[in-house]
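Please read it alongside the structure shown below.

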Amino acid sequence: MSKNYVSNKDETVRMFENKIMEALSRVHPAVPLIIYLPLVTYFLYLSISTYSVSFVNIFFLVVAGIFVWSFIEYVLHKYIFHFDAKSEFGKKIHFIFHGVHHDYPSDSRRLVMPPTVSLLLAAIFYFLFRTVIGLQDVHPFFAGFLIGYLFYDMTHYAIHHFNMHNKFWLTLKNHHIKHHYQNPGKGYGVSSPLWDIISGTNFSKKEEQKV
């Protein structure tokens with residue numbers, strides 16, 4: 001397990017002795033798009049063809065799903081990916097979950113969530129949302145939730161590998177880069193700083209002025 005090491009190269013480190021687990025931990029950034037864009041299309045199709053949800057309701061449920069994803073993203077990053085591990089076993093689990101990304105932030109094969117994890121989480125959230133909001137409304141809502149997730153994954157990859165000039169994208173990139181290189185205890189939002197602002201984990205004005 002790597003300690004206090006940060007690589008700025010597109011390089012990786014072996015995490016598992018098992019070859020299959022090691023291979024599953026490395027993901028091409030296009031994989032989430034290949035898996036989830038068809039699912040988004042399918043859920044929207046169900047909304048219209050099977051459940052006859054109006055276009056107005058679809059729009060608002062999709063927006064609601066994106067909004068809820070932004071909150072889940074923040075909670076997962078802050079409380080799961082950055083949990084304070086005390087035991088050696090806990091530290092190893094933390095390294096697998098997220099520590100490896102902070103040590104190797106430019107590793108292009110570990111910048112999006114592995115499908116073995118994301119599909120399980122997606123199934124859990126789908127049935128949770130279906131229980132709460134019902135079978136008819138869950139499909140456009142969950143389509144929005146998945147759109148939010150895809151925006152997060154693609155934004156995360158772009159932040160670490162693309163040169164950005166647009167003000168919007170630069171704001172997101174600077175916010176996340178500060179989380180990596182300035183203060184990992186702040187800036188948990190990747191696709192949006194909204195929940196950092198609400199929860200008080202945003203960077204101060206003085207910190208924001210630092211590049």
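A cavity, as the word is used here, is a set of points on a 1 Å grid over the protein atoms alone where a 1.4 Å probe fits but cannot get out. The model is predicted, and in this structure there is 1 cavity of 30 Å³ or more.

**The largest cavity**

- The space in the largest cavity amounts to about 90 Å³.
- Its lining consists of Y36, W69, L76, M113, S118, L121, A122, F125, F145, L146 and Y149.
- At least two lining residues come from each of α3, α5 (115–133) and α6 (135–161), and the largest share, 4 residues, is supplied by α5.
- By class, the lining of the largest cavity comprises 10 nonpolar residues and 1 polar residue, with no charged residues; Tyr and Trp count as nonpolar in this division.

**The packing of α2 and α3**

- Two packed helices are described by the angle between their axes together with the distance between those axes.
- For helix α2 (residues 31–49) and helix α3 (residues 55–81), the axes come within 10 Å and cross at roughly 145 degrees, and the crossing of α2 and α3 is right-handed.
- On the α2 side the contact involves L44, S47 and I48, which meet F55, I58 and V62 of α3.
- This contact of α2 with α3 is made up of 5 nonpolar residues and 1 polar residue, and no charged residues take part.

Definitions and conventions. Residues numbered from 1 in each chain as written. Predicted model: local features only at pLDDT ≥ 70, side-chain atom pairs only at ≥ 80, totals over all residues. Heavy atoms only, no water. Axes fitted to C-alpha atoms, helices over the stretch in contact; angles between N-to-C directions. Left-handed = near helix turned anticlockwise from the far one by under 90°. Contact = heavy atoms within 4.5 Å. 1 Å grid on protein atoms, 1.4 Å probe; cavity = no way out; pocket = protein on both sides within 12 Å on 5 of 7 lines; lining within 4 Å. Points joined across faces, edges and corners; volume = space filled by probe spheres on them.
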